Amino acid sequence: MLGPVILAASRSDRMRRLISAAPVTKQVVDRFIPGEDVDDIVPVVRDLADNGLELTMDVVGEDITNPAQAAAARDAYLELVDRLKPLELGTRAEMSVKLSMFGQALEGGHELALSNVRPVVEAAAEIGTTVTLDAEDHTTLDSMFAIHEELRKDFPQTGCVIQAYLFRTGADARRLAESGSRVRLVKGAYKEPASVAYQDKHEIDRAYVRILRTLMEGTGYPMIGSHDPRLIAIGQELAHQAGRKLDEYEFQMLYGIRTDEHLRLAAEGHRMRVYTAYGTDWYGYFMRRLAEKPANLRFFARSMLTKG
């Protein structure tokens, strides 16, 4: 099981330095992260939208250590909103945020993260779009859900993410489905202990299907975050069983992974949203992409051997 090893490496400064220094790294990272600043990303947004795809934008960055860095993360998102405005894409281009970037782990972090994320949600609403709060490790979730609930009082379209591998997620899904929330369901990409999360892939897949059924049968808006062909097909069937129209749920996949499938689903009339990250602090994001799928790791290893 290489996934846990890679996730551990994602927190290692030594591995960060080693991988960042490898000559081939930038070429491989570009597959998943198409730019370092907002000027790089605007043409990508236009191209994806022109191909019938929708986007959720993530300014990558983690390990915030002081309030000034949290404020800088907020400002980076406000700049993104400003650049999206003239494109007039509305909800076709939304944003995803990690509350850790907004200072959640600092002293007084819950209130700090809320005060930093609220202006981003307000600015997004002003240009006709919205924000989804990404899930991180299990110790942060009570704070994330509380912030989500608070934001939804004024901005009910604010979304959140739940992770199928956590034991708690079935109950979270039932609550969110009843409240009419926008919910992205993913398998989970953090190293979690066996006391709080399933460790076996088949158990995680079964949990994913159970939770997705709950979301489809609820009053919210399910967002199916998966590249797994079997789960995508199951998602379509569950939507059909629940009587949902094509605009009453959506699929979400990462930029650079299964791009042909992005286009196929969009051509069939599905809402297909591409999770598109950009920024200079890419290491943690990149390592989780490697951990999620063996094919990603093979792609990176092959490139290191042939191009390094």
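Which residue in β7 does G225 stand opposite? The model is predicted, so local features need pLDDT of at least 70 and side-chain atom pairs count only at pLDDT 80 or more, while totals for chains, interfaces and linings use all residues. Residues are numbered from 1 along each chain as its sequence is written, and side-chain values use heavy atoms, with hydrogens and water left out.

The sheet is a closed barrel of 8 strands in the order β1-β2-β3-β4-β5-β6-β7-β8, paired in parallel. Here two strands pair if DSSP finds at least two bridges between them; strands (E, at least two residues) and helices (H or I, at least four) are DSSP runs, numbered from the N terminus. On average, neighbouring strands of this sheet are turned by 30° against each other, direction ignored. Now look at strand β6 (residues 221-225) and strand β7 (residues 250-254), which run parallel and are joined by 3 bridges. Here is the reply to the opening question: G225 stands opposite Q252 in β7.

Next come the helices. Helix α5 (residues 67-84) packs with helix α6 (residues 109-126) at an angle of about 10°, their axes 9 Å apart; axes are lines fitted to C-alpha atoms, for helices over the stretch in contact, and angles run from 0 to 180 degrees between N-to-C directions. Ala, Val, Leu, Ile, Met, Phe, Trp, Tyr, Cys and Pro count as nonpolar, Asp, Glu, Lys and Arg as charged, and the others, Gly among them, as polar.

For helix α7 (residues 141-152) and helix α8 (residues 169-179), the axes come within 13 Å and cross at roughly 5°, so α7 and α8 are roughly parallel to each other. F145, H148 and R152 in α7 meet D172, R175, L176 and S179 in α8. The class count for α7 with α8 is 2 nonpolar, 2 polar and 3 charged residues.

Finally, the whole structure holds 3 aromatic pairs. One of them joins Y249 and F251 edge-to-face, at 5.9 Å centre to centre and 80° between the planes. Rings of Phe, Tyr and Trp (its six-membered ring) pair if their centres lie within 6.5 Å; planes under 30 degrees apart count as stacked, over 60 as edge-to-face and the rest as tilted. Y249 counts as buried because its relative accessibility is 4%, and F251 counts as buried at 0% (buried is under 20% relative accessible area, exposed over 50%, partly exposed in between, with a 1.4 Å probe and protein chains only).

Technical notes:
Parallel < 35°, antiparallel > 145°, perpendicular 65-115°, else oblique. Contact = heavy atoms within 4.5 Å.
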